[in-house]
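Here is a friendly walk through a protein model. Take a look at the sequence and the 3D view, then read on.

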Amino acid sequence: MILVTGGAGFIGGNFVLDWLKLNAEPVVNLDKLTYAGNLDTLKSLESDTRHKFVRGDIGERELVSRLLADYKPRAVINFAAESHVDRSIHGPGDFIQTNVMGTFNLLEATRHYWNDLSVVDKARFRFLHVSTDEVYGTLAADDAPFAETNAYEPNSPYSASKAASDHLVRAWHHTYGLPVLTTNCSNNYGPYHFPEKLIPLVILNALAGKPLPIYGDGQQIRDWLYVKDHCSAIRRVLESGSIGETYNVGGWNEKANLEVVHTICALLDELQPRVDRKSYSEQITFVQDRPGHDRRYAIDARKLERELGWKPAETFETGIRKTIEWYLASHDWIQNVTSGAYRDWLSKQYGA
Ligand code: NAD
Ligand code: DAU
């Protein structure tokens, strides 16, 4: 059995669904159910006895220690985090609490559990920490993509908190011998993505006839990866990664934000045209830039390919079409996540 944290969120939810489709091995899923956690994502597992959901905080030592003692997982996979850069600018406290203190607590509880395992169980145990490319800071247009050897230069409260968590994970290996693995991934997109992030926000705003907000000049570059490819990379690193190593995960899909939004509009024009037959791109609106906005991210994922034979299955073109088709077909899930708290966030971030 494995213990997954944050498995009701976007990536963790996709990971749990895929895991149980591909493996017989059960999952204990520890999630605090913040605004970003959503049990609807896991609805198809309601009668699956291999999925044990526990509502709780990775920062609660007693709870985490009890789950480890009761379920005796062979691995912990840590997805739990505050994950939205704009929210970290409005209120960094939760990011320090969960991403730094929460990871520290999880590491400590895991270290004590791991220490008491038998020699065989100890040797096969892994702590896999899911992190981000944002820890490396920002790139100029002609810089090489981020490699695992790049220095950490985080620029936002979110990325600084993730960088701190990565350092803790590294230190728990170096000092205590905890068998850790870290993945640093680029921007994900796909089903069950909470619509505060660019791609799902643009899809839902377009369909609702609302403005499509582009920060600054829209020329910031992100390296997009379909979420199921991120999940397959995590499975590969879990099974074959070398203890103490970090692996960059990316899609080789660098795109400027404006290009991404135009692509979404063109696909929506094809799949669900506006009643007036004009393009959804007419709704594009340039708004004030994000403070400290990183200009470009790009991932060099060659280590993962060379050492573990992983490659993404989707291109941006195939993945974004699947994503839009999923949003067009998922009314109930969307209804539930776009409730009161979500509307409060939109007016705080974008005003009227
Ligand atoms: P998300 O915000 O969609 O989900 C986070 C989940 O963690 C939610 O279900 C939430 O309820 C849960 N959670 C938050 N605080 C918790 C706590 N204290 N205890 C237990 N559960 C808690 O995030 P996501 O986009 O799925 O990201 C998952 C992980 O992947 C994060 O660590 C993030 O930094 C990392 N990551 C995300 C991306 C991306 O593009 N979204 C890319 C690379 C890495
Ligand atoms: O790079 C990995 C990271 O990708 C993850 O670690 C984060 O958890 C995840 O949220 C994501 O961070 P970004 O800040 O890159 O994602 P977001 O979807 O918020 O923004 C993508 C780009 O689009 C970014 O340049 C900001 C811009 N943007 C975003 C929003 C929400 C807009 O122009 N308008 C918007 O309304």
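## A serine and its contacts

Leaving aside its neighbours within four places in sequence, which residues is Ser-161 in contact with? They are Phe-95, Ile-96, Asn-99 and Val-100, where contact means heavy atoms within 4.5 Å. You will find Ser-161 in helix α6, residues 157-176. Helices here are DSSP runs of H or I with at least four residues, strands are runs of E with at least two, and both are numbered from the N terminus. Ser-161 is buried, with a relative accessible area of 1%. Buried means under 20% relative accessible area, exposed means over 50%, and partly exposed is in between, using a 1.4 Å probe and protein chains only.

This is a predicted model, in which local features need pLDDT of at least 70 and side-chain atom pairs count only at pLDDT 80 or more, while totals for chains, interfaces and linings use all residues. Residues are numbered from 1 along each chain as its sequence is written, chains are lettered from A and ligands numbered from 1 in the order in which they are written, and side-chain values use heavy atoms, with hydrogens and water left out.

Now turn to helix α2, residues 61-71, whose buried residues are Leu-63, Val-64, Leu-67 and Leu-68. These residues sit on the same side of α2 because they cover an arc of only 130 degrees around the axis; the arc is that of the directions from the helix axis to the C-beta atoms. On the other side of α2, Glu-62 and Asp-70 are exposed.

What lies over the buried residues of α2? The cover includes the strands β1 (2-5), β2 (27-31), β3 (51-55) and β4 (75-78), together with helix α4 (93-115). After α2 comes Lys-72, which has a positive phi, near 50 degrees.

## Around the ligands

Ligand 1 is surrounded by 28 residues, and the closest are Ile-11, Asp-31, Ser-83, Tyr-158 and Lys-162. A residue counts as near a molecule or strand if one of its heavy atoms lies within 4 Å of it. Polar side-chain atoms also approach this ligand: one of Asp-57 lies 2.9 Å from a nitrogen atom of ligand 1, one of Ser-83 lies 2.7 Å from an oxygen atom of ligand 1, and one of Thr-98 lies 3.0 Å from a nitrogen atom of ligand 1.

For ligand 2, there are 25 surrounding residues, the closest being Thr-132, Asp-133, Tyr-158, Arg-290 and Tyr-350. An oxygen atom of ligand 2 is 2.5 Å from an N or O atom in the side chain of Asp-133. For the side chain of Asn-187, the distance from an N or O atom to an oxygen atom of ligand 2 is 2.7 Å.

## Rings and charges

The model has 20 aromatic pairs. Rings of Phe, Tyr and Trp (its six-membered ring) pair if their centres lie within 6.5 Å; planes under 30 degrees apart count as stacked, over 60 as edge-to-face and the rest as tilted. One edge-to-face pair joins Tyr-327 and Trp-333, at 6.3 Å centre to centre and 80 degrees between the planes. Both Tyr-327 and Trp-333 are buried. Elsewhere, ring pairs link Tyr-136, Phe-146, Tyr-152 and Tyr-297 into a cluster.

Charges can sit over rings too: NZ of Lys or CZ of Arg must be within 6 Å of the ring centre and within 35 degrees of the ring normal. Arg-87 lies over the face of Tyr-35, at 3.5 Å from the ring centre.

Definitions and conventions: Polar contact = N/O pair within 3.5 Å; in protein donor to acceptor, adjacent residues only side chain to side chain.
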